[in-house]
Amino acid sequence: MALETDQQDPARGAKGVGGILQRHDSLYGDAEKVSSAQHHGSQDNWIRTLRLAFQCIGIIYGDIGTSPLYVYASTFTSGISNVDDLYGVLSLILYSIILLPMIKYVFIVLYANDNGEGGTFALYSLISRYAKVSLIPNQQAEDATISSYGLDTISAPMRRAQWMKKSLESSKVAKVTIFLLAILGTSMVISDGALTPAISVLSAVSGLQQKAPQLNQGQIVLISVAILVVLFSVQRFGTDKVGYSFAPIILLWFLCIGGIGFYNLIKYDVGVLRAFYPKYIIDYFKRNGKDAWVSLGGILLCFTGTEAMFADLGHFNIRAVQISFSFVLFPAVSLAYIGQAAFLRKHPEHVLDTFYRSIPGPLFWPTFIIAVSAAIIASQAMISGTFSIIQQSQTLGCFPRVKVLHTSKLYEGQVYIPEVNFVLGLICVIITVAFQTTTDIGHAYGICVTSVMIITTILLVIVMLLIWRMSIWLIIPFCLVYGFIELVYLSSVLYKFIEGGYLPIVIATVLVIIMAVWHYVHVKKYWYEMEHIVTNEAAKQLIQTHNVKRISGVGLLYTELVQGIPPIFHHFIEKIPFVHSVLMFVSIKHLPIPHVEVSERFLFRNVESKTSRMFRCVARYGYSDKQEDTKEFAASLVEGLQSYIEEGHFITDMQVQETEAQTTSIADSNARPRKAGSSTVYIEEALTASETAGLTQPRISSYSAHSSGRISEEQSRTIAEEKQFIQRELQKGVVYILGETEIKAGPGSSFVKKVVVNYMYTFLRKNFRQGEKAFAIPRQQVLKVGMVYEI
């Protein structure tokens, strides 16, 4: 039996009626079932959307909005040999912004979000819900019911989706490849988070040399480092406060660069508007050949920070990003680039400091102050995105445990990670001091941007085939157009590999190794526990053999398994033959969705018998959900357990009737409307092996809790006594039992596996947060049980 205390959608209940169904560990299956309640951005009114649109100006557009500071200087590193080249470069800039940030990301990629969450890992988790590509074996056929997309009609796109699903699920290579793409994209975004502050702040502060030529480059670097230290120090106040304080500055910046650009356009050369004619791109490549191709490494800096729009989506919503991009960012930066091109038509010798040279004299200092402020804010986009994706990857078992702080009560997606903030800030300072100029940093920057874009394109194509089920005649042009553009840009920046391009490769490689090692051992550990599960019958014999005594209080034994009892319990009983009066095996399970309703948080099962007061519980969270503190968690857990006991006693008398009723009217029982606020009890009767042949889904029936009036007076008294007993034990104290497992490579393991498991994983485990810190459990309430796993 299982208790699920959320209002269910009747349509979903009827959806699974059509077929013949199979039996399995129902807690395992139910752990994947959640409501299809809409979350982030699904019911936003226009006032909130406009408020978010204003706020996101200060969070996600600082990077792409400050690119006019250095794009032309990074493109024409050797000066302008032919002023007509400005038409080709301006045309490349304008169409790159239109095709990549605007069309691809703002109006396509943002819709591939995972219930409001964006980023590389959100794409990975979205795909893993529709196809079993996760390397952790904790999925069931019910995963598909989580999705809001349905397979309603037979069509060619549907058949392609089915083929894609089978291909991904049957290929270990495909699973590993998708996982590696996800962690590589994540690593590149984190690398970008270290490079963005360095190049943005350094380029802005260098403007001081226009009015104070006595300042040398070393002094400019020191000023930049001081600004960066302050920037990373204020991250602890949270995205919400930072966003509202930064948004007015960035908005003023956009008005400033747009106005100056329009002024320069009118004053110097209106004729640069002919750059909207793409023929000038062809002429530029004909005239310059290889040099034009190499210059793409500078041009692509005009759309750096694009990935932040997707990674930071959990902080905002799609409509807010679309409004702010289309009506604020795009007009402002377009005018800025157009105005600078007009200025350079008359003054090509000033290409290396175009931005500050093109500012009208009286506006220099106000613009400089705004530019420095905007450059400081530019790094906020990637810092916020880094926090979001690391939180997602951690909950999906792909990153070591770190402390995640939720900084806003209004918006759940806004988080701060102290350890990551410190390391990111340290790397950023080192990069600034080591490189000292924006030229080499720009080479490194470009590799991050193009790599993430290519990975996003690959994963998006899988989403198009598997989930959106789009026509192949739309997918092929998308792949050809964007694949060609992004590969050309990537080839250009790789040409500058030894001139700084190696930096993000080094950073990403370190991160990929950390994430891959952690996830590899995490998967192996899960398999080990599955292979050594203690069954209910074995637990009963174990308790009888060791004459186990009960002690007062509530014991919560944590395990990652959602089915069976972990092997640590057997070891625990052998060493200490005492268990608490109420013992629960608690599994904290993060589903591949952003959120799980609080009312659906807990699922329970009895262990051994109803009188043993030993239970299994799955506490389900989305990867963006905030976990409660220990006191609140224990109280909610016991409250859910009391409800489960009440429902369990009620079902005892109904099982026989229900089994008979299911054989004749399963459809009626499943489709019965449920009242709001009612709880649902699932019954799954045991069938023989012959009866389960050919089945595909669990047979489920439901009863409204309002039917509990048929419970006898004796049963009601027993239920009340059980609930009071549990409440008394809770008041006597809660002890959290954690497995202190030491993971070692098993006998006969290869040399590489021994290095990975015995040294690399052990190092990570010792230097990141331990279980009690990750769960914020008071040390005086922790009981650790040591055990060695040989995997």
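**Close-up views of a predicted model**

**View 1. Asp84 and its contacts.** Beyond its neighbours within four places in sequence, Asp84 is in contact with Arg287 and Arg345. The model is predicted. Asp84 sits in a loop, with helix H5 (71–75) on one side and helix H6 (85–106) on the other. Its relative accessibility is 33%. That value falls between the 20% and 50% cut-offs, so Asp84 counts as partly exposed. Asp283 is 199 residues away from Asp84 along the chain, yet their C-alpha atoms are separated by 9.2 Å.

**View 2. The whole chain.** The chain has 791 residues, and 58% of them count as buried. Its secondary structure comprises 29 helices and ten strands. Take the contacts between residues at least 6 apart in sequence: 85% of these join residues at least 24 apart.

**View 3. The six-stranded sheet.** Six strands make up an open sheet with mixed pairing. Their order is S6-S7-S5-S4-S9-S10. S6 and strand S10 (782–790) are the edge strands; each has a single partner strand, so one side of each lacks a neighbour in the sheet. On average, neighbouring strands are turned by 25° against each other, direction ignored.

View 4. Strand S6 spans residues 602–606. Is this strand mostly covered or mostly exposed? Mostly covered: five of its five residues are buried. Phe602, Phe604 and Asn606 point one way from S6. Leu603 and Arg605 point the other way. In a regular strand, side chains alternate between the two faces of the sheet. Residues on both sides of S6 are buried, Arg605 and Asn606 among them.

**View 5. The S6 and S7 pairing.** Which strand pairs with S6 in the antiparallel sense? That strand is S7 (residues 614–622), and the pairing runs over five bridges.

View 6. Strand S9 (residues 734–744) pairs with S10 in the parallel sense. Nine bridges link the two strands. Leu738 stands opposite Lys784 in S10. Helix H22 (residues 502–531) packs on the sheet. H22 touches strand S4 (549–559), S9 and S10. The direction of H22 makes about 95° with that of S10.

Methods. Residues are numbered from 1 along each chain as its sequence is written. This is a predicted model: local features need pLDDT of at least 70, side-chain atom pairs count only at pLDDT 80 or more; totals for chains, interfaces and linings use all residues. Side-chain values use heavy atoms; hydrogens and water are left out. Buried means under 20% relative accessible area, exposed over 50%, partly exposed in between (1.4 Å probe, protein chains only). Helices (H or I, at least four residues) and strands (E, at least two) are DSSP runs, numbered from the N terminus. Two strands pair if DSSP finds at least two bridges between them. Contact means heavy atoms within 4.5 Å. Axes are lines fitted to C-alpha atoms, for helices over the stretch in contact, and angles run from 0 to 180 degrees between N-to-C directions.
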